[in-house]
Amino acid sequence: MNGVAALLAPQVVARRLGADASQPALVHVLRMFGVRTVFIGAELLFLQDPDRIAQALCVGTVIHTSDALSAAAAGRRGTLRPRAAVAATAISTVNVALTLVAQWPRRGPR
């Protein structure tokens, strides 16, 4: 849902994060975040091959980890307001956790 919102309504997402929605660079970055997130989600929804799903999850983990680290660094440097940095870091950290849970080995009958 965050990916679709960032792609289609980046100014709304920026305001929700407490960031300045009038900055064109921020709007561009949010759209890039959105398109990646939408494509990762679509892969996970529509892929049937377990190997391709595993690969998509690994790529998603790397992407969301880099997003979380980037948001935290931007907050630390002051290029992103504290509230926006905390929100963006939290969202990406939850996404990392979800990819890791999805990769967790399953036990029992298949």
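Leaving aside neighbours within four places in sequence, Asn2 is in contact (heavy atoms within 4.5 Å) with Arg16, Phe33 and Ile91. The model is predicted, so local features need pLDDT of at least 70, side-chain atom pairs count only at pLDDT 80 or more, and totals for chains, interfaces and linings use all residues. Residues are numbered from 1 along each chain as its sequence is written, and side-chain values use heavy atoms, with hydrogens and water left out.

**Overall architecture**

- Along the sequence, the pattern reads α-α-α-α-α.
- Taken along the principal axes, the C-alpha atoms fill a box of roughly 50 × 25 × 15 Å.
- Of the 110 residues, 33% count as buried, where buried means under 20% relative accessible area, exposed means over 50%, and partly exposed lies in between (1.4 Å probe, protein chains only).
- Among contacts with a separation of 6 or more, 60% are accounted for by residues 24 or more positions apart.

**Asn2 in helix α1**

- Asn2 is found in helix α1 and is partly exposed, with a relative accessible area of 31%.
- Asn2 and Phe33 are 31 residues apart in sequence, while their C-alpha atoms are 9.2 Å apart in space.

**The buried side of helix α2**

- Helix α2 spans residues 10–17, and within this helix Pro10, Val13, Ala14 and Leu17 are buried.
- These residues cover an arc of only 100 degrees around the axis, which puts them on the same side of α2; the arc is that of the directions from the helix axis to the C-beta atoms.
- The cover over the buried residues of α2 includes α1 (2–8), α3 (24–46) and α5 (82–103).
- Gly18 follows α2 and has a positive phi, near 85 degrees.

**Packing of α2 against α3**

- The axes of α2 and α3 come within 9 Å and cross at roughly 105 degrees; axes are lines fitted to C-alpha atoms, for helices over the stretch in contact, and angles run from 0 to 180 degrees between N-to-C directions.
- That angle makes α2 roughly perpendicular to α3, because 65 to 115 degrees counts as roughly perpendicular, under 35 as roughly parallel, over 145 as roughly antiparallel and the rest as oblique.
- On the α2 side, Pro10, Gln11, Val13 and Ala14 meet Leu26, Val27, Leu30 and Arg31 of α3.
- The residues of this contact divide into 6 nonpolar, 1 polar and 1 charged; Ala, Val, Leu, Ile, Met, Phe, Trp, Tyr, Cys and Pro count as nonpolar, Asp, Glu, Lys and Arg as charged, and the others, Gly among them, as polar.

**The salt bridge**

- The count comes to 1 salt bridge, defined as a side-chain nitrogen of Lys or Arg within 4 Å of a carboxyl oxygen of Asp or Glu.
- Asp67 forms a salt bridge with Arg36, and the closest N and O atoms are 2.5 Å apart.
- The pair links distant parts of the chain, with Asp67 in helix α4 (residues 50–77) and Arg36 in helix α3, 31 residues apart.
- Asp67 counts as buried at 15% relative accessibility, whereas Arg36 is partly exposed, with a relative accessible area of 30%.

**Ser70 in helix α4**

- Ser70 lies in helix α4 and is partly exposed, with a relative accessible area of 46%.
- Ser70 and Pro82 are 12 residues apart in sequence and 13 Å apart in space, C-alpha to C-alpha.

Conventions:
Helix = DSSP H or I, 4+ residues; strand = E, 2+ residues; numbered from the N terminus.
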